[in-house]
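This briefing is meant for a reader who is meeting the structure for the first time. Please keep the sequence and the 3D view at hand while going through the points.

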Amino acid sequence: METGMMNSSASSSKSRSRCPLQEQFLQRRNSQENLDRFIPNRSAMDFDYANYMLTKGKENPSAASSPSREAYRKQLAETFNMNRTRILAFKNKPPTSVDPIPSDFSSAAHQVKSAKPRRHIPQTSERTLDAPEIMDDYYLNLLDWGSSNVLSIALGQTVYLWDASVGDTSELVTVDEESGPITSVKWAPNGRHIAVGLNNSDVQLWDSTSNRLLRTLKGGHVSRVGAMDWNNHILTTGGMDGRIVNNDVRVRDHVVETYSGHHQEVCGLKWSASGQQLASGGNDNLLHIWDRSMASSNAPTQWLHRLEEHTAAVKALAWCPFQANLLASGGGGGDRCIKFWNTHTGACLNSVDTGSQVCALLWNKNERELLSSHGFTQNQLTLWKYPSMVKMAELTGHTSRVLYMAQSPDGCTVASAAGDETLRFWNVFGTPEVAKPAPKTTSEPFAHLNRIR
């Protein structure tokens with residue numbers, strides 16, 4: 001079982017004096033210049049020759065010198081390379097190699113197959129905002145970034161919206177103590193409507209443009225709703241009661257399907273990009289794969305795969321954007337592993353021990369990379385190269401476990417929120433390459449003429 005909520009009275013009293021989503025201006029330390037001494041390469045020096053030139057090499061050999069002795073001296077000097085004038089000199093550079101392929105032919109090949117420059121990954125967050133009263137609870141999902149480039153975050157009883165385009169902050173809703181605190185938020189695909197899960201088991205649907213409550217979904221759960229995800233007009237919710245419910249938000253009787261498989265709190269829910277498969281993770285250390293082809297309206301839907309390899313709660317879930325049946329999952333503090341699954345067969349393709357609690361996972365939309373956020377001891381974000389799982393970067397700055405991550409619509413920026421009551425923005429995935437326009441196809445000659453059959 002994971003450590004759920006970590007809060008102290010000192011932190012709560014401190015957070016009340018801070019305004020939410022206000023930028024922190026931290027003085028950065030300038031890195032000192034790395035100055036070093038120059039140490040000559042002694043292996044490139046001829047000390048015997050240097051000693052000879054300093055002692056005997058400059059003596060005048062003209063006295064009592066016969067022609068044969070002079071000829072012998074010159075031949076000896078040429079043999080042992082004693083005609084140098086510099087002492088303790090470095091050796092000459094090796095001759096430049098001759099390219100066997102003419103430059104005219106090699107230049108074209110070099111342009112076609114040029115080495116891709118390595119992307120610079122900033123090691124510090126580009127922006128930090130205050131997030132007072134954010135709940136330090138592993139099982140909740142309190143951060144999401146919508147398609148309209150507006151980020152939503154739940155801080156205690158209130159949902160705030162931060163417009164990333166202009167940097168403006170607004171308050172969407174504050175619930176009463178009987179309903180709250182807020183336990184999950186999730187944007188609809190249109191980027192306008194947002195679902196808000198509550199501690200009293202209700203789910204509210206809001207219009208973010210008009211700040212208007214559209215409807216409240218009741219009866220799906222009997223305890224708090226900590227995980228949600230959308231599949232077109234279907235809002236899937238997971239609760240502490242272990243139930244997973246599909247809600248059709250268009251109809252009055254919104255509960256259209258239920259999934260029964262978890263016997264503890266559901267803390268992770270993710271639909272695949274095709275909308276055909278659903279992954280769910282829970283505090284019972286189970287990972288389920290559900291398929292819409294097995295849906296049943298009369299009885300709870302049976303799972304396609306029940307995966308029991310994790311040894312702690314499974315919250316972090318991420319479907320691969322470049323391989324439809326590839327799912328990454330992360331385990332809690334007793335597991336610490338990222339596992340990769342073939343969701344068609346249920347096979348575990350790889351497992352990597354990260355050394356700390358895995359709180360969230362995000363795929364890079366433009367490169368084969370995976371980002372994970374962690375808890376004790378470093379509270380870091382780790383960027384992995386897939387499929388080798390070589391660490392590309394470790395981003396530090398949070399002082400508490402990084403429970404929540406969200407990705408910007410363009411896939412470049414990642415927002416992370418932690419129990420240290422800060423919201424940080426990382427330019428970890430770089431700038432996406434601009435797609436080159438397709439070359440114009442040359443029209444077929446005489447296309448206007450009729451073909452001869």
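## Starting point: a buried aspartate

Aspartate 229 counts as buried, at 8% relative accessibility, where buried means under 20% relative accessible area, exposed means over 50% and partly exposed lies in between, with a 1.4 Å probe and protein chains only. The model is predicted, so local features need pLDDT of at least 70 and side-chain atom pairs count only at pLDDT 80 or more, while totals for chains, interfaces and linings use all residues. Residues are numbered from 1 along each chain as its sequence is written, and side-chain values use heavy atoms, with hydrogens and water left out.

**The chain as a whole**

- The protein chain holds 4 helices and 28 strands, these being DSSP runs numbered from the N terminus (H or I over at least four residues for helices, E over at least two for strands).
- Of the 453 residues of the protein chain, 46% count as buried.
- The protein chain exposes about 25800 Å², of which carbon and sulfur atoms supply 50%; accessible areas come from the Shrake-Rupley method with a 1.4 Å probe, and for residues only the protein chains shown count as cover.
- Among contacts between residues at least 6 apart in sequence, 50% join residues at least 24 apart, a contact being heavy atoms within 4.5 Å.

**Salt bridges**

- The count of salt bridges comes to 12, each defined as a side-chain nitrogen of Lys or Arg within 4 Å of a carboxyl oxygen of Asp or Glu.
- Aspartate 229 takes part in a salt bridge with lysine 186, with the closest N and O atoms 3.8 Å apart.
- This pair links distant parts of the chain, since lysine 186 lies in strand S6 (residues 182–187) and aspartate 229 in strand S10, 43 residues apart; lysine 186 is buried as well, with a relative accessible area of 16%.
- Arginine 250 forms a salt bridge with aspartate 248, and their closest N and O atoms are 3.0 Å apart; here arginine 250 is exposed, with a relative accessible area of 58%, whereas aspartate 248 is buried at 8%.
- Glutamate 394 and lysine 391 meet through their side chains in a salt bridge of 2.9 Å, N to O; glutamate 394 counts as partly exposed at 25% relative accessibility, and lysine 391 counts as partly exposed at 44%.
- A network of salt bridges links Asp137, Arg224 and Glu265.

- Strand S3 (residues 150–155) is mostly covered, with 6 of its 6 residues buried.
- Both faces of S3 are covered, with Val150, Ser152 and Ala154 buried on one side and Leu151, Ile153 and Leu155 buried on the other.
- Strand S2 (residues 143–145) and S3 run antiparallel and are joined by 3 bridges, and two strands are taken to pair if DSSP finds at least two bridges between them.
- Leucine 143 stands opposite isoleucine 153 in S3, and S2 and S3 form a hairpin with 4 residues between them, in whose turn asparagine 149 has a positive phi of about 65°.
- S3 is also joined by 6 bridges to strand S4 (residues 158–163), and these two strands run antiparallel; the bridge partner of alanine 154 in S4 is valine 159.
- S3 and S4 form a hairpin with 2 residues between them, and glycine 156 in the turn has a positive phi of about 70°.

**A sheet of four strands**

- An open sheet of 4 strands has the order S10-S11-S12-S13, with antiparallel pairing.
- The edge strands, each pairing on one side only, are S10 (225–231) and S13 (255–259).
- Strand S11 (residues 234–239) is joined by 5 bridges to strand S12 (residues 244–248), and the two run antiparallel; threonine 236 stands opposite asparagine 246 in S12.

**Proline 321 in its loop**

- Proline 321 is found in the loop between strand S18 (314–319) and strand S19 (326–331), and it is partly exposed, with a relative accessible area of 49%.
- Proline 321 and tryptophan 363 are 42 residues apart in sequence and 7.1 Å apart in space, C-alpha to C-alpha.
- Leaving aside its neighbours within four places in sequence, proline 321 is in contact with Trp363, Asn364 and Lys365.
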